[in-house]
Structure formats: structure tokens, C-alpha cells
Amino acid sequence: MKIAIHHRKGSFSDRWIEYLEDKNIPYVILNAFDNDIIAQVKQHQVTHFMWHFNQNYYEDMLHARTLFRSISQIGIKTFPSEDTYWHFDDKVAQKYLLEALEVPLVKADVFYHKKEAEDYIEKTWFPKVFKLKGGAGSINVKLIKTKSQARKIVNQAFGRGFDAFDSWTVFTDTIERFWRQKTTHNFLRVLKWGFKGIFVDKQYKVFPKQRNYVYFQEFIPGLTYDIRLIVIGDKCYYLKRNTRDNDFRASGSGMLEFAPGKFNLEAVDIAFKTARQLKMICVAYDFIFDAEDRPLIVEISYGFQPYVYDQCQGFFDPALNWNESHVNLEYEIVRNFLNEFT
């Protein structure tokens, strides 16, 4: 067994390397973007390739799926696997996937022609939640309260389109978060993301415009939080995210709770069962609960912010029992990935 890792500081790979060194497992650092990467993979007799590719890097989204699909053809196991990455950062793909699996999810409607979208607006009710298919931290999410607002969204979707990176929302969210929580961390976020919000980083400018589709999701009123459940193997980790003040969005608020309070554990059961259906060894779910306390999936992802989840206080097992423990999700990923294929 020989593990290849594409390393980017600040990603999952920091701890993947720690784990491999601690367990004396042979590994090699490779640059996935090298023109001769296939030759290097063969030269090093790589059996497994791990890359925490990130939706904020256009080159990652352009290249990672192609490379991993190619080396899978010669028997190399990849993390993420094809079952894991094909719908990554694509809410539209996830809608169809989760509908096919008949798992409980927040209803969403997608249209690829303007006339159908316009007809939908006249027949449905508002508010709805408008989303672009990509983006994290709620930056591409808006509450549409009226038919008039929805028509403007449709005109833009089938006209000039939307920037993939909403710089104004990033800027205002960063300021709002610092105003609410005046910490050193949030001040540094103002410097980093506020600057990027005003002077859009070139890494975001290369993403193509989002156009010729429109996505509306049902609005669940009265929500004050969502929960994130992350299933890795036979463990399910918990995080509660409170909504911003006077806002329905929880993702990206920075208002986090790690102790598992009282909630409907059916969500944990759904998370485990759906992970098996998805054939994903690592899947993060955003769950909300409707007026009848039924858990509904909002979206899924294999990737998330490293280190934040160090504050989790344990995990649920498949029998829905809570187990207190130290948490290191990156170690869990690499351990489960290697165990699955050895």
C-alpha cells in the first residue's frame, strides 16, 4: 500500500500526513496539477490517492474529478471517491440524487427554461429560498418574498446571470459577524474576507457566471438553527448552528454549539442510512426540522472547514447512543478510507 496526497496547508491533508507518519504508513506528496501526474502515480506505485479539493478553488473543481476518474480506471482508490465527489458543491445535482434515494429533504424546484420558471412563479406561493448550485456559508442564498422579486431573479438567471462569488454578501456577513461577536478571530475575518469582498480575489473571478437555470427551495418559517451531522464510517458527529439575527440563514453565522442538546434523533438514523445509500465514507448533512419536528436534509457535502469540529464533544453510534470522546475528523477520514480498501 502506498498513499499519495495532494497537500494544501490548512486543508484535511495537514492531519492526514500526521496520521500516516504516526502509523508508519508509506506515503508520497504529489502535485495533482503536474502535467506528468499519471507517470508519477505509476512510478511511485501508488495504491491510494487523497485530495481535499475545495470548491473555492476553480482549478480544483476543474481538475480533481477528471484526475480521480482517470486513475480509478487503473485500480487506484481515491478519497473522495466518485460516489462522493460527482455531486460536490452542486445543490441541483443533490436535489435529484436525494429524490432518487427517497430520503427526507427540503423540497426544491429547478427550471432550465424561462417560460417554465415564469409559470411556476404564478402558481406557487412565497417566500421561497433562491440558491445558486454552488457556494458555502450561505453566500449564494437569498430569501425571495414576493412574485415580483422572483420574476427579477428569473430574468437575471436567464439573462446576464449571477457571479459565482457574491462579494457583497461576503462583505456584509463578515461585518455583521464581527459586530455581533467582537473577537480577535472575527476581526481577522474582517481583514481577510472583508478585503476579498470589496476587492474580489482573482481566484473567484475565474468561476463562470451562473445562468440558464433557477433553483427555488421551500422556505421553512420560524427556524432559529440547523444542525450539521457528519457521518464518517460508524460515527456521527454533531454541531448546532444558530441563525443570524433577523435572518433565516444558519450556515456561516459562526454561532455554534457543540454539546448535543435535545433534538429528534431520527435525523441521526437518517444520516447513517443515507450515507450507506450514497456509498460515502464521509458525508456532512445540513438538517432542519419542520413544524412537526420532522428532520429534513437541506444539502450534503464531503468537505467542510477543518479544525472547527475539534470542539465536538463525541459522536453518535449507529444504535443512536451518544459517546463522549476526543474528536479528530481528519484522522477518522483517513482511517476509514484505508480500512475500507485493505
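Modeller: The structure holds one cavity of 30 Å³ or more, a cavity being a set of points on a 1 Å grid over the protein atoms alone where a 1.4 Å probe fits but cannot get out. This is a predicted model, in which local features need pLDDT of at least 70 and side-chain atom pairs count only at pLDDT 80 or more, while totals for chains, interfaces and linings use all residues. Residues are numbered from 1 along each chain as its sequence is written, and side-chain values use heavy atoms, with hydrogens and water left out.

The volume of the largest cavity is about 60 Å³, counted as the space filled by probe spheres set on the points. Among the residues that line the largest cavity are Lys91, Leu98, Tyr215, Gln217, Val298 and Glu299, where lining means having an atom within 4 Å of a point. At least two lining residues each come from α5 (91–101), β8 (214–218) and β13 (295–301), and α5 gives the largest share, with four residues. Sorted by kind, the lining of the largest cavity has six nonpolar, two polar and three charged residues; here Asp, Glu, Lys and Arg count as charged, and Tyr, for instance, as nonpolar.

Elsewhere, four strands form an open sheet in the order β2-β1-β3-β4, with parallel pairing; strands are DSSP runs of E of at least two residues, and helices are runs of H or I of at least four. Because β2 (27–29) and β4 (77–79) stand at the edges and each has a single partner strand, one side of each is left without a neighbour in the sheet. Neighbouring strands of this sheet are turned by 20° against each other on average, direction ignored. Within it, β3 (residues 48–51) pairs with β4 in the parallel sense over three bridges, pairing requiring at least two DSSP bridges, and His48 stands opposite Lys77 in β4.

Two helices complete this picture. Helix α1 (residues 13–22) packs on the sheet and touches β1 (3–6), β2, β3 and β4, its direction making about 155° with that of β1; touching means heavy atoms within 4.5 Å, and such angles run from 0 to 180 degrees between N-to-C directions. Helix α3 (residues 58–72) also packs on the sheet, where it touches β3 and β4, and its direction makes about 170° with that of β3.

Key: On a 1 Å grid over the protein atoms alone, a cavity is a set of points where a 1.4 Å probe fits but cannot get out, and a pocket is an open set with protein on both sides within 12 Å along at least five of seven lines; lining residues have an atom within 4 Å of a point.
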